[in-house]
Amino acid sequence: MNILVVSDLRVYYQTTKGVVKAVDGVDFKVEEGTSVGLAGESGCGKTTLGLSFLKLLPENGAIASGSLMFEGDDIDSLDEKTFREEVRWNRISMIFQGSMNALNPVFKVEDQIAEAIKLHDKKMKKRERIATARDLLRKVDIDPTMGRHYPHEFSGGMRQRAMIAMALACDPHLVIADEPTTALDVIVQKQIMDLLRRLKAEMNLSLVVISHDISVLAELCDYLNIMYAGRIVEWGAIEEIFENPRHHYTHGLISTFPTVEDEERKSTFEFIPGAPPNLLDPPLGCRFHPRCPAATEICRQEPPPEIRRQSEKHYVACHHQRGDLH
Amino acid sequence: MSLKRYILKRILYSLVLLFFALTLNFVIFRMAPGNPIQVVASGMRLEPEMVERLIELWGLQEPLHIQFIRYLKSTLTWDFGYSYNSLEPVSREIGERLGNTLLLMGVSLFFAIIFGTVFGIYAAYKRGSLFDLTSVTISLFSYALPTFWMGLLLIYVGGYVFGQFPLAGTMSRPPPIDPILKVFDKAWHLFLPSLTLFLFQYGFWLLMMRSTLLEALHEDYITTARAKGVPERDVLFKHAFRNAMLPLVTNVALQIPGLLNGAILTETVFSWRGLGLYTWSAIQFTDYPVLQALFYIFALVTIVCNLIVDIVYGYIDPRIQF
């Protein structure tokens with residue numbers, strides 16, 4: 001069963017320079033109990049997509065068209081109050097990049113967690129809320145007595161754990177993790193990934209993980225979406241994508257990470273030439289064509305077809321997908 | 001507890017600072033042109049014996065370090081000597097005026113903070129709206145206009161055109177005998193000068209509150225709060241305001257010394273019998289003992305305000321290192 005189904009979503013920002021089409025026709029779905037990765041370079045629209053699930057777009061941004069169905073409810077048509085009280089954190093919660101400023105510096109960590117509980121369970125007494133907050137901290141391997149401290153007294157890794165504990169406070173059905181391991185050192189990254197994997201198994205969570213780091217997603221996800229310039233260019237089961245990338249951009253992304261197994265790639269790094277396009281005025285045709293090694297005339301003129309491959313578990317949008325070149 | 005040590009440390013720093021301020025205050029007046037005898041004797045001829053007698057009375061024959069110690073002792077005991085102008089004890093004259101200045105400053109600061117922050121919060125919340133635009137424009141104007149000009153304008157409008165308010169003074173002469181009428185009489189005189197100082201500060205508080213709140217509203221933890229389902233009202237007043245409050249507290253303390261400055265001009269324009277007017281007349285008469293005492297009090301107010309902020313900060317900002 002799909003817990004979240006996004007169809008042909010468009011999210012536009014009004015800026016002084018014009019309309020930025022950050023998300024421009026995205027189809028996306030999350031099957032219950034699975035974790036779905038969303039990868040792409042900075043500015044490709046992946047965070048915007050994540051924020052739109054919680055209707056947390058900045059003031060100048062809005063959903064222009066498309067639909068967001070979450071557990072059978074149309075997110076966009078729910079009124080603000082119902083959505084705030086019933087959906088936010090209660091059914092969909094979000095793990096922000098906690099090592100930065102995602103926790104409020106002037107409140108104690110356990111109070112911030114307890115606040116989330118209070119907002120969605122009005123009957124619970126204060127003492128119980130604090131006890132629950134401490135249990136959550138224990139669950140993410142933080143000494144529960146640390147809850148009395150302030151975020152600045154936590155290390156980056158602990159702040160990220162506290163953020164995860166907070167996201168789990170109301171037993172959400174879907175958790176969106178936006179760059180959960182970014183800005184942490186590799187050892188802490190590993191610990192956070194292990195924690196997320198463990199929690200996902202224990203609590204049967206559905207997870208959306210947003211990251212620019214495709215190796216993090218490889219560790220955490222069952223499915224992977226590759227986003228480029230506001231569109232999903234390829235998605236599929238994680239092994240499928242890594243073993244058999246069909247889009248040239250996906251291939252480029254995977255090749256930018258070193259491997260210890262593949263003899264051919266051991267000593268050389270590949271990279272994708274050029275920079276992502278400006279979303280004020282994206283290229284015509286396939287948006288990747290200016291950087292694509294396989295681009296031809298048709299790529300410059302026509303948007304790529306959407307091709308389902310083999311099973312229903314792999315999809316690519318490309319005129320000349322890899323493997324059956326010209 | 002380490003908070004106690006932190007407070008103790010701040011008090012110690014403040015005492016050191018106060019000592020430097022006292023020293024400077026001593027040196028400035030020893031370096032000022034002319035000596036006190038000349039100032040007092042200007043316009044009248046004093047017999048040499050009289051001069052001798054005055055030098056002895058004021059201890060000016062003593063070496064400087066002895067004078068300095070005597071000066072320190074006299075400031076600590078609030079004994080500032082006699083005014084050259086009125087020949088009254090300076091401490092008594094200050095005592096009579098301090099209350100008036102505190103009243104004027106207190107009333108204007110209180111209302112400026114209340115109105116400034118409330119409208120500042122609302123302007124930040126409704127940023128870009130007509131309300132935001134007009135309140136920012138009005139604030140910039142009222143903050144930029146010189147207090148003496150605003151004071152004169154208010155005297156003209158309130159005291160002359162409409163004739164509802166007194167042109168000058170602190171009380172009617174003779175003052176009403178009934179205590180309730182006395183309070184009303186004072187408030188009636190207080191209205192225009194405090195309005196002048198209020199307008200001067202109001203813009204500052206509004207602009208400051210608005211900008212710090214806008215800054216706080218763009219922080220990541222605000223997005224977290226919204227994602228948690230915190231209602232907009234609590235996002236604003238709890239999550240953003242608690243963070244925006246920190247600069248607010250600092251500025252209360254930093255504004256009070258600046259307010260003394262504004263009080264000098266305002267009190268002069270309105271002949272409000274407070275420390276500001278006293279300072280102005282002391283400058284006119286080169287009344288050194290009075291000026292020395294006033295400078296000391298201004299320095300003391302500044303240092304004490306800063307100390308209070310440091311201590312309050314220790315309580316409201318968990319990030320302060322003790």
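What radius of gyration would a compact globule with 326 residues have, and what does chain A have? A compact globule would be near 20 Å by the rule of 2.2 Å times the number of residues to the power 0.38, and chain A, at 21 Å, agrees. The radius is taken over C-alpha atoms.

## About the model

This is a predicted model, in which local features need pLDDT of at least 70 and side-chain atom pairs count only at pLDDT 80 or more, while totals for chains, interfaces and linings use all residues. Residues are numbered from 1 along each chain as its sequence is written, with chains lettered from A and ligands numbered from 1 in the order in which they are written.

## Chain A overall

Let's start with the fold: chain A has 10 helices and 12 strands, counted as DSSP runs (H or I, at least four residues; E, at least two) numbered from the N terminus. Its C-alpha atoms fill a box of roughly 65 × 50 × 40 Å along the principal axes.

## Helices α5 and α6

In chain A, the axes of α5 (residues 156-167) and α6 (residues 186-203) come within 10 Å and cross at roughly 15°. Those axes are lines fitted to C-alpha atoms over the stretch in contact, with angles from 0 to 180 degrees between N-to-C directions. That makes α5(A) roughly parallel to α6(A) (angles under 35 degrees).

## Where the chains meet

Here 17 residues of chain B are in contact with 22 residues of chain A (C-beta atoms, placed from the backbone, within 7 Å). On the chain B side, α9(B) gives the most, with seven residues.

Key:
Parallel < 35°, antiparallel > 145°, perpendicular 65-115°, else oblique. Contact = placed C-beta atoms within 7 Å.
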